[in-house]
Amino acid sequence: MNYQVKLEIFEGPLDFLLNLIKEQEIDIYDIPIAQITHQYLEYLDLMRELNLDIAGEFLVMASTLIHIKSRLLLPPPLEEVEGEEEGIDPREELVQRLLEYNKFTDAAEGLRERESVFMNVYGRETSPDYEGLEEDVYLEVSLFDLLSAFKKVLEKVEERGGEIIIADELTVTDRINQILETLKEDTATPFADLFEGASGRMEVIVTFLALLELIRLRMVQVRQGAEFGSIWIFLRGV
Amino acid sequence: MDLETASSVIESVLFVADEPLTVERLTELFDGELDKKTIVEIMERISESYDGRPIQLIEVANGYKLCTKPEYGEWIKKFFREERKRTLSQAALETLAIIAYRQPITTPEIEEIRGVDVSGVLKNLLEKNLVKIMGRKDVIGRPMVYGTTQRFLEHFGLKSLSDMPSLEEFQQVLELDT
């Protein structure tokens, strides 16, 4: 089974890290590098397990994090101790990059708000507009939420233990069809229900890949009732 | 020419213009008979005359444009049978924000901030005429530098680039958060 699903919902390693930091209300000027590195690598592993195409940038950031972590463990070089100035915090450069990037994500948010007003303001146009130039995938639930939810499901399956080997291996295509069948009956289903009765780790992964594929094909929509609420899968209007 | 006539001429031109009408263009139209200050005053009066009407006169992209009010957007959308959203992706918005505040800027400089490859997004923005090539930077390799367009200002309903909030404001917000 070699499925490559490319997701561009995280805008990159910086976006990913900022999400981690914001979600856990970490002080950006005092990042617990060991903890963050651990979580970062955990998610990379999860993505690898899903055969998600991990962009090179994610790996570069992983090595940066490990490098910072190791520098924090080492005593500062002698010259720095003797010098008048205090040694530079190895985290400094990363913090500056995160802060810089964060300014622009906020600026982008401001632009989005303006856009949402002005897309409803019409004037005369000559040029055929933006029509058909961009396909946007709209995820009201971020990939981060989705991965977190998925992680919980996986953990639960592992707790139950015991891998049942299925003779007829369930393919992603089969699972896609099953999910669509369910949605045709109910139009919406809770995320967790998709994994109910899954007989093992492999089936859970196949189900998740099927869901990602459906999102990519814009056949389903993922929504969350409230912040941190349960995630629901909706069939997109035909 | 009396002001009454001038006002009617301007409103007529506004009605047919398909891009924001600049004060300079109008002084040209009147062969310099009307000064800029008078034209701006006429604009203000025209704008007020649309109070309570579904049409509005907005200042956008260094000019004036007659537009509908946002509350009727849904109906116009339906009228044009628009299916697709006209909104930009997160990647496009972030890249645009960086270009808008840091122009002229090269591709590697944008990538340094975003931490990811931006060639695809940039191509898209160029196709949409939201950014343009402004020239080449005088360093090794002479990389191209990019900047935002009039179309960018129109898309976001901005009068000019200085109409955007300063980046420092965003910085403060984050520091209050943490």
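Colleague: What makes the pairing of E1(B) and E2(B) a hairpin, and how many residues lie between them?

Modeller: This is a predicted model, to begin with. In it, two residues separate E1(B) from E2(B), and the two strands form a hairpin. Ala61(B) sits in the turn with a positive phi of about 45°.

Colleague: How do you know that E1(B) and E2(B) pair, and in which sense?

Modeller: Pairing needs at least two bridges. E1(B) and E2(B), the latter covering residues 63-68, have six bridges, in the antiparallel sense. The pair therefore meets the cut-off.

Colleague: Which residue stands opposite Leu57(B)?

Modeller: Leu66(B), in E2(B). Leu57(B) itself belongs to strand E1, residues 55-60 of chain B.

Colleague: What does Leu57(B) touch, beyond residues up to four places away in sequence?

Modeller: Leu14(B), Met43(B), Ile46(B), Ser47(B), Tyr64(B), Lys65(B) and Leu66(B). Take Ser47(B) from that list: it is ten residues from Leu57(B) along the chain, and their C-alpha atoms are separated by 5.2 Å.

Colleague: Pro20(B) lies in a loop, but between which helices?

Modeller: Helix H1 (3-16) and helix H2 (23-29) of chain B.

Colleague: What makes Pro20(B) count as buried or exposed?

Modeller: Pro20(B) has 12% relative accessibility. The cut-off for buried is under 20%, so Pro20(B) is buried.

Colleague: How do you know where confidence in chain B is lowest and highest?

Modeller: By mean pLDDT. Helix H9 (residues 167-177) of chain B has the lowest, 62, and strand E3 (residues 105-106) of chain B the highest, 96. Overall, chain B averages 90, and 93% of its residues score at least 70. Where pLDDT is low, coordinates should not be read in detail.

Colleague: What makes up the secondary structure of chain B?

Modeller: Nine helices and five strands. Their order from the N terminus is α-α-α-β-β-α-α-β-α-α-β-β-α-α. Of the 178 residues in chain B, 46% are buried.

Colleague: What makes up chain A, in helices and strands?

Modeller: Nine helices and three strands. The pattern along the sequence is α-α-α-α-α-α-α-β-α-α-β-β. Buried residues account for 42% of its 238 residues.

Colleague: Among contacts in chain A between residues at least 6 apart in sequence, what percentage join residues at least 24 apart?

Modeller: In chain A, 72%. The corresponding value in chain B is 47%.

Colleague: Why is one side of strand E1 and of strand E2 of chain A left without a neighbour in the sheet?

Modeller: The order in this open sheet is E1-E3-E2, with antiparallel pairing. E1 (188-190) and E2 (220-224) of chain A stand at the edges; each has a single partner strand, so one side of each lacks a neighbour in the sheet. The twist from one strand to the next averages 25°.

Colleague: What packs on the sheet?

Modeller: Helix H7 (residues 172-186) of chain A, touching E1, E2 and E3 of chain A. The direction of H7 makes about 85° with that of E3(A).

Colleague: How do you know that E2(A) and strand E3 of chain A pair?

Modeller: The cut-off is at least two bridges. E2(A) and E3(A) (residues 231-235) have five, in the antiparallel sense, so they qualify as a pair. Gln224(A) stands opposite Ile231(A) in E3(A).

Colleague: Which residues have the most contacts inside the largest nonpolar core?

Modeller: Leu17(A), Tyr40(A), Leu98(A), Phe150(A), Phe191(A), Phe208(A) and Ile233(A), in a core of 64 residues. Helix H9 (residues 201-216) of chain A gives the most to this core, ten residues. Domain 1 (1-134) and domain 2 (137-238) of chain A each contribute at least three.

Colleague: What is Tyr40(A) in contact with, leaving aside its neighbours within four places in sequence?

Modeller: Pro13(A), Phe16(A), Leu17(A), Leu20(A), Phe58(A), Met61(A), Ala62(A) and Leu65(A). A second, separate core has 36 residues, including Val121(A), Ile105(B), Leu122(B) and Tyr146(B).

Methods:
Residues numbered from 1 in each chain as written. Chains lettered and ligands numbered in written order. Predicted model: local features only at pLDDT ≥ 70, side-chain atom pairs only at ≥ 80, totals over all residues. Heavy atoms only, no water. Core = buried A, V, L, I, M, F, W, Y, C linked by side-chain atoms within 4.5 Å. Buried < 20%, exposed > 50% of the residue type's maximum accessible area, 1.4 Å probe, protein only. Helix = DSSP H or I, 4+ residues; strand = E, 2+ residues; numbered from the N terminus. Domains from an automatic or database assignment. Contact = heavy atoms within 4.5 Å. Axes fitted to C-alpha atoms, helices over the stretch in contact; angles between N-to-C directions. pLDDT = per-residue confidence, 0-100.
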